[in-house]
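Thanks for asking me to look this one over. Here are my notes, as numbered points, to read alongside the structure.

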Amino acid sequence: MEQDVWEKLSPEQKKIQLYLEQKKTLEAFLERGAISKAQFDKSLGDLTLKMGMTGLTE
């Protein structure tokens, strides 16, 4: 995301973007075999809970 766009986001929008980027990273690790499906599920679940994104669907 470009810096000028990032700066215009609200704190909540920034938090959502950060969550989505972290989720993409976990998906890339899973896709490349760097982590197992169980590790992915645990990490994504922990990330979702800690960031308060339980209501976010993607």
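**Notes on the predicted model**

1. The largest nonpolar core is made of 9 residues: Tyr 19, Leu 20, Leu 26, Ile 35, Phe 40, Leu 44, Leu 47, Met 51 and Met 53. Helix H2, spanning 11-31, and helix H3 each contribute at least two residues to this core. As general background, nonpolar side chains tend to be buried together in soluble globular proteins.

2. Ile 35, one of the core residues, is worth a look in your viewer. Setting aside residues up to four places away in sequence, Ile 35 touches Leu 26, Phe 29, Leu 30 and Phe 40.

3. Is Thr 48 buried or exposed? Thr 48 has a relative accessible area of 14%, and it counts as buried because that value falls under the 20% cut-off. Thr 48 sits in helix H3, which covers residues 37-50.

4. Glu 7 lies in helix H1, residues 3-8, and has a relative accessibility of 53%. Glu 7 therefore counts as exposed, the cut-off being over 50%.

5. Now the overall fold. The protein chain has 3 helices and 0 strands, giving the pattern α-α-α along the sequence. Its C-alpha atoms fill a box of roughly 35 × 25 × 15 Å along the principal axes. Taking contacts between residues at least 6 apart in sequence, 50% join residues at least 24 apart.

6. Finally, burial, surface and charge. Of the 58 residues in the protein chain, 21% are buried. The chain exposes about 4,500 Å², and carbon and sulfur atoms supply 54% of that area. There are 9 positive and 10 negative charges, and their mean positions are 5 Å apart.

Methods. Residues numbered from 1 in each chain as written. Predicted model: local features only at pLDDT ≥ 70, side-chain atom pairs only at ≥ 80, totals over all residues. Heavy atoms only, no water. Helix = DSSP H or I, 4+ residues; strand = E, 2+ residues; numbered from the N terminus. Buried < 20%, exposed > 50% of the residue type's maximum accessible area, 1.4 Å probe, protein only. Core = buried A, V, L, I, M, F, W, Y, C linked by side-chain atoms within 4.5 Å. Contact = heavy atoms within 4.5 Å. Areas by Shrake-Rupley, 256 points an atom, 1.4 Å probe, with all protein chains shown as cover. Lys, Arg positive; Asp, Glu negative; His and termini not counted. Charge placed at Lys NZ, Arg CZ, Asp CG, Glu CD.
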